[in-house]
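Thank you all for making time for this.

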Amino acid sequence: MRPALALVTTALLLSAATAHGTASNKELEARANELDARVATVERASQTLVPMQQQIEVARAELRSLRGQIEEARHELATLRQQQRDLYADLDRRLLLIENSLAPVAPPVDGTPPSPDAIRENDEATVYGDAFAALKAGRYPDAVRGFQVYLTKYPDGPRADSAYYWLGEAHYVQKDYNPALKAYQTVVANYPDSRKAGDAMLKVGFCQYELKAFRNARATLDKVASGYPGTEAARLAAERLARMDVEKR
């Protein structure tokens, strides 16, 4: 009986071992199949990601190019703004050369004392002339003080409209836009028939632009373009309006 029992026992153990081995092989095969499926999925995803990555790199390159173009455009805009300021300042200086004669009244040759009116005219011309000379020389703070003195002494003087205009210019070239705006507005409001009224209104628009009051600037420049057709002021107003369109202001 014992040899038979041993044989049966051995057979049972071998059967159990075989069954366990078979189960382990099936599990490993299932895992291998699962891993193959995952690898295949990753490969398919990789095939999709490669062109996507290429598109991303192309987009990044285009973005870098656009940023470079934007920076270049900003630089060109800043340069154009400065060139326009310089051009207009040069225009103002050249206009100074054709301003009214500022020669003081010569004393009479016969020794007769000048009349009070002649003295007043001589002083008025001298005060204005000194301020005007300071402006021509680029001594803008002195020009501001000089024109303020003139307007204090001669608020109704024959050159009051010009004094206010050049006072605005002396402030404007120093980028003191608020006092410049006030001076130009005085010309427009108090001297509408002055030959400087159109230029003063133009500079009102320019000051409003610099002060970022873009809606007011656009309205003022529209008035210049329509109210003074064919003039240099109207041309400059149209140019600034076109620039504001580009800037979306």
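This is a predicted model: local features need pLDDT of at least 70, side-chain atom pairs count only at pLDDT 80 or more; totals for chains, interfaces and linings use all residues.

**Charges, rings and core**

Let me begin with R159 and E124, whose side chains form a salt bridge with the closest N and O atoms 2.7 Å apart, where a salt bridge is a side-chain nitrogen of Lys or Arg within 4 Å of a carboxyl oxygen of Asp or Glu. This pair links distant parts of the chain, since R159 sits in the loop between α3 and α4 while E124 belongs to helix α2, 35 residues apart. Both R159 and E124 are buried, and by buried I mean under 20% relative accessible area, with exposed being over 50% and partly exposed in between, using a 1.4 Å probe and protein chains only.

Residues are numbered from 1 along each chain as its sequence is written, and side-chain values use heavy atoms, with hydrogens and water left out.

As for the overall layout, the chain has 8 helices and 0 strands, where helices (H or I, at least four residues) and strands (E, at least two) are DSSP runs numbered from the N terminus. Of the 249 residues of the chain, 30% count as buried. If we take the contacts between residues at least 6 apart in sequence, 56% of them join residues at least 24 apart, a contact being heavy atoms within 4.5 Å.

Coming back to the charges, the salt bridges number 10 by this rule. One of them joins K153 and D123, with the closest N and O atoms 2.8 Å apart, and because K153 lies in helix α3 and D123 in helix α2, the pair ties together parts that are 30 residues apart in sequence. K153 counts as partly exposed at 41% relative accessibility, and D123 is partly exposed as well, with a relative accessible area of 25%.

Within helix α8, the side chains of R235 and E239 meet in a salt bridge at 2.4 Å, N to O; being 4 residues apart in that helix, R235 and E239 are separated by about one helical turn. There is also a network of salt bridges that links R139, D142 and R145.

Which side chain of opposite charge is nearest to D161, a buried residue that has no salt bridge? It is R195, 6.2 Å away, where Lys and Arg count as positive and Asp and Glu as negative, with His and the chain ends not counted. D161 lies in helix α4, and, leaving aside neighbours within four places in sequence, D161 is in contact with V187, Y191 and S194.

Now to the rings, where Phe, Tyr and Trp (its six-membered ring) pair if their centres lie within 6.5 Å, and where planes under 30 degrees apart count as stacked, over 60 as edge-to-face and the rest as tilted. The count by this rule comes to 10 aromatic pairs. The rings of Y150 and Y154 have their centres 5.6 Å apart and their planes at 45°, so this pair is tilted. Y150 is buried at a relative accessible area of 0%, and Y154 is buried at 6%. Y165 and W166, on the other hand, form an edge-to-face pair, with 4.9 Å centre to centre and 80° between the planes. Ring pairs link Y128, F132, F147, Y150, Y154, Y165, W166 and Y184 into a cluster.

R159 returns here, lying over the face of Y128 at 5.5 Å from the ring centre; for a charge to sit over a ring, NZ of Lys or CZ of Arg must be within 6 Å of the ring centre and within 35 degrees of the ring normal. K203 likewise lies over the face of Y172, at 4.1 Å from the ring centre.

Finally, the nonpolar core, meaning a set of buried Ala, Val, Leu, Ile, Met, Phe, Trp, Tyr and Cys residues joined through side-chain atoms within 4.5 Å. The largest such core has 42 residues, of which F147, Y184 and L202 touch the most other members. Helices that each supply at least two residues of this core include α2 (116-136), α3 (140-153) and α4 (160-172). Not counting residues up to four places away in sequence, Y184 touches Y165, G168, E169, Y172, A200, K203, V204 and C207.
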